[in-house]
Amino acid sequence: MTTLTLTPGAVTLDNLADIYWNEASVQLDPASHPAIERAHARIAKAVAGTDAVYGVNTGFGKLASVKIASKDTATLQRNLILSHCCGVGPAIPRRHARLLMALKLLSLGRGASGVRLEVVTLIEDMLTKGVTPVIPAQGSVGASGDLAPLAHMAAVMMGHGEAEYLGKTRPGADALAAAGLEPVVLGPKEGLALINGTQFSTAFALAGLFGAWRAAHSALITSALSTDAIMGSTAPLQPEIHALRGHLGQIQAGETMRALLEGSQIRDSHIVDDARVQDPYCIRCQPQVTGAAMDVLRMTARTLEIEANAATDNPLVLIEADLIVSGGNFHAEPVGFAADMIALAIAEIGAIAQRRVALIVDPVLSFNLPPFLTPNPGLNSGYMIAEVTTAALMSENKHLANPCVTDSTPTSANQEDHVSMAAHGARRLGAMNENLARILGVELLCAAQGIDFRAPLATSATLQRVVARVRQEVATLGEDRYLAPDLERAAVMIASGDIVNAAGIDMPELIA
C-alpha cells in the first residue's frame, strides 16, 4: 500500500484523489511535529492556569460558562466524545472514512489544535494498518464541526464504538488490538479538536467532486459518440467559436470532442449536401454546457483544496500571539456552497445527456436510425424504456440539486443558530453521481448501437476503441433481452473511468 507524506497546508487535489481512489495511507511530514508540540504545550499551560478556556476547562456549547476542575479535564473529553456519538443511518463507505481521517490529520498538523503527537500517530497507524471506524452517515448539520460523525471516529481511537478491520466489523477496542494498536486516553482539548472541524463534509464534497469530474470526461466521450451516431455536425466544434467566448471549460470541451471525432468516416460521409442546417442544442451546445459544468467544478476544487488544508477546530492555539482563541472555522459554509455548486454541475451534465438519449432513440430526429435502435421495431422495443429510465434519473437529480446551504436551522439551545447543512449537501452528491453514471451509461449503449447501424461507415479510430470496449461487456442489441444487467455494466464503465481509458487520449485536468 502506498504511503503519502503530506505537508499540512500544502496538500494538493492530486494527493487527496490518491487517498480517495486508491485508499493510500498517509503520514504527516515530520517537519510539522514541532508546531504540533508547541500548541500542545500551550494547552498544558492553560490547564495549569486559572483562566477559563473554552473546551479545555469549561463545558461545551451552551454549557461553556460551566468551569471544569483540573482533575476532571480527562473525563470531560471522554464524556464529550461518547455523548456526541449520536450518528444514525448506514455506515459511510470505507474510502470516505479514510479520506475523512486523512483530512483530520491535515487539520491537526497545522499546529493550532493543541493535541499530542500520540493522537496524530494513532490516526496515521490506523490508516496504515486498515482500522477504519464505522461512521454513521447522518447527524451533522455542518457547523460547530461535523460533531456526530467525527465523534464516532474519535470513539474508536479511545477503544469504543465499532471499526472495520480485515473485512470484519468489530468493537473498536478489538479492532485496535487485532492491529497491534493501543487506544488513547484523551487529554485536555483533544476530544474537542477531533470532533470540531469540517472533515466529514469536506470528504464527501471531495468524493462528489472527483466522481463528477470523471463523469464530465465520460460525457465528452458519450456526446461525441452520439454526435456521430445521429450523423451530427462537427462545425459547432470549430475552435474559433469557443475562443471568441473565452471560457476555458468550453474551449477544452470543444477541443476534446474534435480530437475524439477526428478521422470519422461517418462524419466525412455527410459533410456535403446534408439537408440539415443545425443540430438540436443537446448536440450543438455540448461544449457550452459540459464545459460550463467543468468550470464550476474547477471553482469548487479550489475551495475544497483550501478547506482540506485548513485548521477548522475550535478554539485555536495561536502560538505567535500566545493566545487560545474561540472562533468559527468549524462552520462549513464554504463546503456547503461548493457542494451545492457540484450538485448543479452533476444535474446539468445529466440533463443534456438525457436529451441526447431521447434524440437518438427518436426516428424523427436520429437521421434514419430505426425507432428505439432496434432492428425489428414493433415486435421489439429496443432501448425505449432505457430512455425512460434516464428521464427518471435526470428528474431525480434535478430535485437533489436544490440548494442545501440555504436551509439553516438553529441547534444547541440557539447557541449554534446558523448552520451550513454542508454534511448532507455533500453526502447527496454520491447518489447524484450514481444517477449520472447510469444516464451516461445508457447514452453509451445507445450511441454504440447507433454507430453499429452506420456500418460499413466507421467512426473515428479513437471512438472505435470505446465501442470495442463496450462490446466486451455488452453485445449489440438485436432481439429484446433482459436489459438491466447491460445498463449496470455500462454505468460501471462510466463510474470507473473505463471508457476514458479506452479512448486513450489526454483529457482536461481538474486544476488547469
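Me: What should I keep in mind about the numbering and the model?
Reply: Residues are numbered from 1 along each chain as its sequence is written. The model is predicted, so local features need pLDDT of at least 70 and side-chain atom pairs count only at pLDDT 80 or more, while totals for chains, interfaces and linings use all residues, and side-chain values use heavy atoms, with hydrogens and water left out.

Me: What makes α9 roughly parallel to α15?
Reply: Helix α9 (residues 199-229) and helix α15 (residues 333-360) pack at an angle of about 20 degrees, and their axes are 10 Å apart. Angles under 35 degrees count as roughly parallel, over 145 as roughly antiparallel, 65 to 115 as roughly perpendicular and the rest as oblique, so the pair is roughly parallel. Helices here are DSSP runs of H or I with at least four residues, strands are runs of E with at least two, and both are numbered from the N terminus. The axes are lines fitted to C-alpha atoms, for helices over the stretch in contact, and angles run from 0 to 180 degrees between N-to-C directions.

Me: Which hand does the crossing of α9 and α15 have?
Reply: The crossing is left-handed. That word applies if the near helix is turned anticlockwise from the far one by less than a right angle, and right-handed applies if it is turned clockwise.

Me: Which residues make the contact between α9 and α15?
Reply: On the α9 side they include S201, T202, A205, G208 and L209, and on the α15 side they include V335, I342, I346 and R356. Contact means heavy atoms within 4.5 Å. By class, this contact has eleven nonpolar, six polar and one charged residues. Ala, Val, Leu, Ile, Met, Phe, Trp, Tyr, Cys and Pro count as nonpolar, Asp, Glu, Lys and Arg as charged, and the others, Gly among them, as polar.

Me: Why is α9 called roughly antiparallel to α14?
Reply: The axes of α9 and helix α14 (residues 286-308) come within 10 Å and cross at roughly 155 degrees. That angle makes α9 roughly antiparallel to α14. The crossing is left-handed. Among the residues that meet are L206, W213 and L220 in α9 and M294, L297 and L304 in α14. The residues of this contact divide into 13 nonpolar, five polar and two charged.

Me: How do α1 and α4 cross, left-handed or right-handed?
Reply: Their crossing is right-handed. The axes of α1 and helix α4 (residues 94-108) come within 8 Å and cross at roughly 145 degrees. L16, I19, Y20 and W21 in α1 meet residues of α4 including R95, H96, R98 and L99.

Me: What makes D14 exposed?
Reply: D14 has a relative accessible area of 63%, so it is exposed. Buried means under 20% relative accessible area, exposed over 50%, and partly exposed in between, with a 1.4 Å probe and protein chains only. D14 is found in helix α1 (residues 13-22). Its C-alpha atom and that of I511, 497 residues apart along the chain, are separated by 9.2 Å.

Me: Why is A151 called buried?
Reply: A151 has a relative accessible area of 0%, so it counts as buried. A151 lies in helix α6 (residues 147-157). Not counting residues up to four places away in sequence, A151 touches I81, H84, C85 and I195.

Me: How do you know that C285 is too far for a bond with C282?
Reply: A disulfide is a pair of cysteine sulfur atoms within 2.5 Å. The closest cysteine sulfur to that of C285 is in C282, 9.0 Å away, so the two are too far apart for a bond. A search of the whole structure finds zero disulfides. C285 is partly exposed because its relative accessible area is 21%, whereas C404 counts as buried at 9% relative accessibility.
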